[in-house]
Amino acid sequence: MWRSGWRASGALRRLGGRSANLRAWRWGSTTACERALRFQVGEKIQGFTVGQVTSVPELCLTAVKLSHDGTGARYLHLAREDRNNLFSVQFRTTPVDSSGVPHVLEHTVLCGSRKYPCRDPFFKMLNRSLSTFMNAFTGLPEPPVRVPGCSLLPVLAGTGLLADNERTFSQHLQSRLLPDHTYAVVSGGDPLCIPDLTWEQLRQFHATHYHPSNARFFTYGDFPLEQHLKQIHEEALSKFEKIEPRTAVPAQRPWPEPREFQITCARDSLAAGSSEQTTVSVSFLLPDITNTFEAFTLSLLSSLLISGPNSPFYKALVESGLGTDFSPDAGYNGCTREAYFSVGLQGIAEKDIQTVRDLVDRTLDDVILQGFEDDRIEALLHKVEIQMKHQSASFGLALASGAVTPLQHVASCWNHDGDPVECLKLGSQVARFRQCLEENPKFLQEKLKQYFKDNRHKLILSMKPDDQYAEKQAQVEAEKLKQKVDSLSPEDKQRIYEKGLELQTQQSRPQDASCLPALKVSDIEPRIPVTELDVVLAGGETPVQLCAQPTNGLVYFRALSSLNTLPEELRPYVPLFCAVLTKLGCGVLGYREQAQQVELKTGGMAAAPCVLPDDSHLDTYEQGVLFSSFCLDRNLPDMMHLWSEIFNNPRFEEEEHFRVLVRMAAQELSNGVPDAGHVYASVRAGRTLAPAGDLQETFEGMDQVRLMQRVADMADVRPVLRKLPRIKKHLLSCDHLRCSVNATPQQMSRAGTAVDTFVRSLGRSQKERKPLRPHVVEKPALGGSSPVMRRLVMEPTFTPCQVKTHFLLPFPVSYVAECVRTAPYSHPDHASLKVLARLMTAKFLHTEIREKGGAYGGGAKLSYGGMFTLYSYRDPRSTETLQSFVKAVDWARSGRFTQQDIDEAKLSVFSAVDSPVAPSDRGLDHFLYGLSDEMKQKHREQLFAVHREALVDVSTRYLGPGRSTHGLALLGPDNARTAKDPSWIVR
């Protein structure tokens, strides 16, 4: 066995400019949890009183609950050995109309203050600190406030979300099921109601809702709690008196009989089955989420009902062939005071609405009679166990924003006066759940009967497309606008005009941000730490990278297989191959049995196509499929056996289930475009600028969305199904395969043996298959004599060309991208271009595109492969944005920025470069891209060395007119400029 040691970077230390004595206290001999356990109930600390101190060993944290003596503000601190600290403040906002007042406040309340009298200080702080995340959200009545926007135009752009049919359905489902109070309105704002909001209403809502007495502070990490309490008390809370906020959400009155509603939506031009775009769901109101164990039980019950091919609703609805996928918001929703469960189908014919309703009722009756298999319950509890052990790089943020399953309802429970600490005690909840099942085998069936079968608070909601939907909406908005204008006197109009000019002047005026705190570039750690890597050879030839990390009893496995020998005509079907590979069955296991084993033995098994640019050549890249999975240490042999069966004996004969998976995949892609339109635009804009660009468009661009739509519409999918075994022959072998394992040092020997067994089980081609492309070069993944070789495709004769593409989509807003071919990672100019992207975003594009143009977002970014992208997100003024891109380049070339601006851009870049990396992902950049410590350190030094002249130089040489090749793409509605300009391809 060959073995060699390699060094790689891990998570980088966070810098905060803290004083030396605090740092010494922080890095003392005791852990964050141990320090937190020293607090005593009733203890007074910096204006706060400790109310509870609880150890939560299953999550390796200690929870400390406090209340502020003067205002009653609530405080929850979760102490954990994690340097990616988090601060969040949440206000329970309960609007009673759809004027969007909490959303407007989100975009305005933090845009300046007495202490920081400059516009948009929180956005500016992104470039003056090493924070890894700052943002604000308006959701249900509990938005976590992190950072806002500036003008109110982005609020209107944000309501473009309602043009997304999924969100339209979800909004109506919630408002119809919970009609008595705040959930009946659109908290983010309805475009027809936003203009009715007055200044007086805004001020009153702010006074009653954005007050410490209505605040819940949440902090997480390993920092010293006392210092933060002192600062919060002295600089903020001590300036307020306690009030009674009266923001509680009253209980929804139960209905005596079920209710039924039908709504309309726009037709989805990207969805499969143009005549089958109706959606229907059946929903039930459930108990208050502050009943922690009942909420936990019902969330598990929901998973048993709808998750995976073995669930009863998957069998009855998804596999019925009536629709494409579950209806939006299917499953348990615990964000509202009373939870609810919803299930149904989307992509059905209108005539099948009653059929779906009958299937839902019949399935509930069957489950109440038959119950659930023991293995399915064990698989679900195994999933909870794995989720407790898995460590993400942003666990605190995920807790605050509700993104950690099964902890996603902690913030909601707290905001409705429940106990958030009880939500964290997953171990005790699992134990109680098991006890209930042991004492009463029909425990879950009785819950189903109580909350579903016998529940009269039941909503049947259907949504069908209307070809005139957009026109009708536009007409109503035009009439609303005319009504508003007609009600204005000439004096009112003149005053509004003058206010508009004043706003424009203020937006164009340079801001003095010197009042804001800021780190210095000299505060950044000059060198990267290292992560030790070993490389062994499995099966005698296949390299395996071993990375010993504190993975908390989990083992993470990855494998990358080359696509170099795959015929061109099969490449578009690789994403579909990856999507279904682990879901069609393998060996003696049918797809249901395989799904059961995956849930019982792993945390998930996945395959995904990847295009990996070279660090030094724009026209060189690696193409492959990345396989990934993780499991508890005790299940490692079972997980690797599953991979052996998937590689050696995948089952591609399940035609009906394949059709189901195709429809679900096509629906998911279609539904995802509104959220990721800027990503699709960026991929398309870069398609013709580098050889890898065309493959990226094929794998993850609009071409893939349209292909899946066509496949889903096929009456006979067998021709596509027959392509899968052909792809398998080129992909699922140990030819040109490399693997990686992240695990604890104690697990590593056993993990290496399991991977060796897996590799030896794989077939190898009888004769060497030749790459279809003539120029393939081998490059050591870790430099020097490393056995980890990357087989890169090189296209020395490639010529980039400019293409402009406009995808016509029925959205009220657009997504715009312009890509420029620049310099790859190892090129000295790459560092300057990376800093330039942040500089242009913060100092020019944010103001022009978001503040003045009204887009929800916009900026510039540089990819690892050297694509410099200017983009906008949910943009109501796409033509002006294209002009802003040109102005941004002129601004950069003229050098109209200061040294302070450059330093802030560097801080922003380093906050991303040095962002924490989870133990499961350390060493991944080495495994995939071949980045050595030396390369990353050299790049780091180049970032430090970026100066004014270099920024002007790269903006001129790469971004200036007639220099590098540009590509443009636009997703959105009709555009007069692209329609008249023959250089644009309109699709």
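In these legends, buried means under 20% relative accessible area, exposed means over 50%, and partly exposed lies in between (1.4 Å probe, protein chains only). The model is predicted: local features need pLDDT of at least 70, side-chain atom pairs count only at pLDDT 80 or more, and totals for chains, interfaces and linings use all residues. Residues are numbered from 1 along each chain as its sequence is written, and side-chain values use heavy atoms, with hydrogens and water left out.

View A. Cys 193 is partly exposed, with a relative accessible area of 27%. The structure holds 0 disulfides (pairs of cysteine sulfur atoms within 2.5 Å). For Cys 193, the nearest cysteine sulfur is that of Cys 265, 20 Å away. For Cys 33, the nearest is that of Cys 60, at 7.3 Å; Cys 33 counts as buried at 15% relative accessibility.

**View B. Packing of helices α23 and α26.** Helix α23 (residues 655-672) packs against helix α26 (residues 702-712) at about 145 degrees, with the axes 9 Å apart. Angles run from 0 to 180 degrees between N-to-C directions, and axes are lines fitted to C-alpha atoms, for helices over the stretch in contact. Helices are DSSP runs (H or I, at least four residues) and strands likewise (E, at least two), numbered from the N terminus. Contact residues (heavy atoms within 4.5 Å) include Val 662 and Leu 669 of α23 and Met 708 of α26.

**View C. Pairing of strands β24 and β27.** Strand β24 (residues 814-821) pairs with strand β27 (residues 966-972) in the antiparallel sense over 6 bridges; pairing requires at least two DSSP bridges between two strands. Leu 968 in β27 is the bridge partner of Glu 818.
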